[in-house]
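Thank you all for coming. Please have a look at the sequence and the model first.

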There are 2 protein chains.
Amino acid sequence: MTGKAYSSVWLREPRKATSPGRSREEIVRAALDLLDEEGIDGLSMRKLGAKLSAGATSLYWYVANKDELLELAYDATWGAITAPDPDEVGWREAASVMAHSVRQVMLRHPWIASLLGRLPALGPNALRVADRMRQTFKRAGFTGFEIDYAVATFTAYVYGMTLPEIAWNATMAGHDYDADAMREQVIRATADFPDMRERIDMDTYEDPRVMRAVAFDFGLVSVLDGLERRLVT
Amino acid sequence: MTGKAYSSVWLREPRKATSPGRSREEIVRAALDLLDEEGIDGLSMRKLGAKLSAGATSLYWYVANKDELLELAYDATWGAITAPDPDEVGWREAASVMAHSVRQVMLRHPWIASLLGRLPALGPNALRVADRMRQTFKRAGFTGFEIDYAVATFTAYVYGMTLPEIAWNATMAGHDYDADAMREQVIRATADFPDMRERIDMDTYEDPRVMRAVAFDFGLVSVLDGLERRLVT
DNA sequence: GACAACCCTCGTACAGTGTGCGAGAGGATT
DNA sequence: AATCCTCTCGCACACTGTACGAGGGTTGTC
């Protein structure tokens with residue numbers, strides 16, 4: 001009956017803050033630094049301890065385990081997202097700003113990608129954003145469950161669009177590759193797929209960063225249009 | 001000039017198959033078993049070696065490193081995706097079938113979620129699906145870069161929708177939690193967000209599996225509608 | 001002052017991880 | 001018979017998360 005409860009950090013009382021030298025905030029901040037600099041694999045308890053001039057296991061006083069720490073860092077990044085009031089700027093504008101903001105934050109903290117499919121986002125910052133999204137699509141005219149469907153569709157698009165972008169950046173990073181040689185390899189790999197070949201021939205002379213930004217806007221408009229269409233029928 | 005080339009398995013010549021007892025295919029198959037049974041953390045080279053009655057390091061003859069092995073397993077799962085010919089069933093039907101198929105495959109192999117943001121999908125199976133998607137949206141009437149934008153939007157939706165589903169399943173699995181106690185905790189956590197509260201009060205008496213399927217269809221129709229709208233203007 | 005109760009730190013240890021290296025077995029080729 | 005090529009694997013290294021328990025420091029109570 002009283003089984004082991006669900007173990008997210010957010011669903012249990014935090015240790016009451018007595019504000020000594022070290023604190024949970026300080027630890028999370030240092031963890032964020034490490035994550036941003038070296039990625040998800042760059043964060044280890046020993047390195048984090050060293051960065052704080054502490055023993056690795058000292059951190060376990062503030063945090064039950066590494067996953068909890070990641071949950072805290074994860075949520076901290078959601079704090080940077082700008083979510084305008086839809087009653088002031090209109091729902092489409094609010095949604096658009098949020099979408100771009102989420103994308104930017106994700107690109108700036110690529111390690112988030114590794115957590116998306118593993119940890120739930122239940123922290124206060126994530127909830128704040130989620131709440132704003134609900135508000136936005138309610139304002140748009142959705143009711144009942146459809147509010148959640150719309151929010152889910154919207155966030156799905158933003159996540160799904162940004163994630164492969166991160167994966168691509170990650171594989172490119174640190175490899176000073178020979179562009180021509182790689183192009184040749186890709187062409188060989190896609191030899192059997194005429195449609196793919198056509199695409200590869202196309203995008204050679206475009207800046208991929210710009211391309212992706214354009215693609216993002218194209219898709220965003222499409223998704224918002226598609227959602228809006230649910231309202232009129 | 002000739003820097004270290006990009007290191008995906010797919011972009012280098014495979015070791016020529018001499019078909020001994022052990023083979024790459026066999027190894028990948030065993031890895032898939034392990035991944036499906038125990039998840040991404042359940043796969044270790046030593047365990048995999050034991051499963052094949054081999055030493056852990058023997059596998060490195062067939063595979064350069066663990067990431068390559070994951071790329072191979074990753075691509076193998078794309079083989080299970082059904083992608084109908086859009087010229088036969090129409091582009092909307094083709095897209096819809098692909099979307100559901102991708103979702104099903106991802107839910108059946110949840111460890112894929114951990115790889116989405118980390119490894120590129122460049123294997124033959126992934127390319128086959130990508131090619132079909134291009135074909136589908138070309139058939140729909142898109143031209144030039146917009147074909148790729150449409151494909152990206154579409155896949156983004158499918159990924160983004162399924163990923164949180166997997167994350168949720170993962171956190172629930174193995175924790176025989178007290179539903180009421182957890183509900184109470186969630187309510188406390190969302191106390192500051194009236195819109196969220198409203199939602200939580202709502203979905204208590206619905207089967208979450210059904211809800212998610214409905215949400216997926218709702219979003220899918222929205223996204224396809226939104227894309228279709230790009231064609232008429 | 002003495003003693004106890006706490007908050008907090010950290011050294012040690014354990015069971016694991018990926019993988020580089022190099023010795024060797026066995027078959028094929030010259 | 002000698003040489004080479006394909007393949008296996010034990011060992012070792014550096015590293016991981018974290019359980020445990022011994023201690024130090026501060027605070028509170030008699």
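Let me begin with B:Ser53, which counts as exposed because it has 9 C-beta neighbours inside 10 Å. Here a residue is buried if 20 or more other C-beta atoms lie within 10 Å of its own, exposed if 12 or fewer, and partly exposed in between, with the C-beta atoms placed from the backbone. Before I go further, please keep in mind that this is a predicted model, in which local features need pLDDT of at least 70 and side-chain atom pairs count only at pLDDT 80 or more, while totals for chains, interfaces and linings use all residues. Residues are numbered from 1 along each chain as its sequence is written, and chains are lettered from A and ligands numbered from 1 in the order in which they are written.

Back to B:Ser53, then, which lies in the loop between H2 and helix H3 (66–78) of chain B. Helices (H or I, at least four residues) and strands (E, at least two) are DSSP runs, numbered from the N terminus. What is the phi of B:Ser53? The value is near 50°, which is positive, although the residue is something other than glycine. Most residues other than glycine have a negative phi. In chain A, A:Ser53 also has a positive phi, of about 50°, and is not a glycine. A:Ser53 sits in the loop between H2 and helix H3 (66–78) of chain A, and it counts as exposed because 9 C-beta neighbours lie inside 10 Å.

The loop between H2 and H3 of chain B also holds B:Trp61, which counts as partly exposed because it has 13 C-beta neighbours inside 10 Å. From B:Trp61 to B:Ser23 there are 38 residues in sequence, and the distance in space is 9.8 Å, C-alpha to C-alpha.

Let me turn to the fold of chain A, whose secondary structure comes to 11 helices and zero strands. Of its 233 residues, 38% count as buried. Among contacts in chain A between residues at least 6 apart in sequence, 68% join residues at least 24 apart, two residues being in contact if their C-beta atoms, placed from the backbone, lie within 7 Å.

What of the interior? The largest nonpolar core has 123 residues, and those with the most contacts inside it are A:Ala31, A:Tyr157, B:Ala31 and B:Tyr157; such a core is a set of buried Ala, Val, Leu, Ile, Met, Phe, Trp, Tyr and Cys residues joined through C-beta atoms within 7 Å. Leaving aside neighbours within four places in sequence, B:Ala31 is in contact with B:Leu43, B:Leu48, B:Leu69 and B:Ala73.

Is B:Gly160 buried or exposed? B:Gly160, which lies in helix H8 (residues 145–172) of chain B, counts as buried because it has 24 C-beta neighbours inside 10 Å. Not counting residues up to four places away in sequence, B:Gly160 touches residues of chain A, including A:Tyr157 and A:Gly160. B:Val232, by contrast, lies in helix H11 of chain B and counts as exposed because it has 6 C-beta neighbours inside 10 Å.
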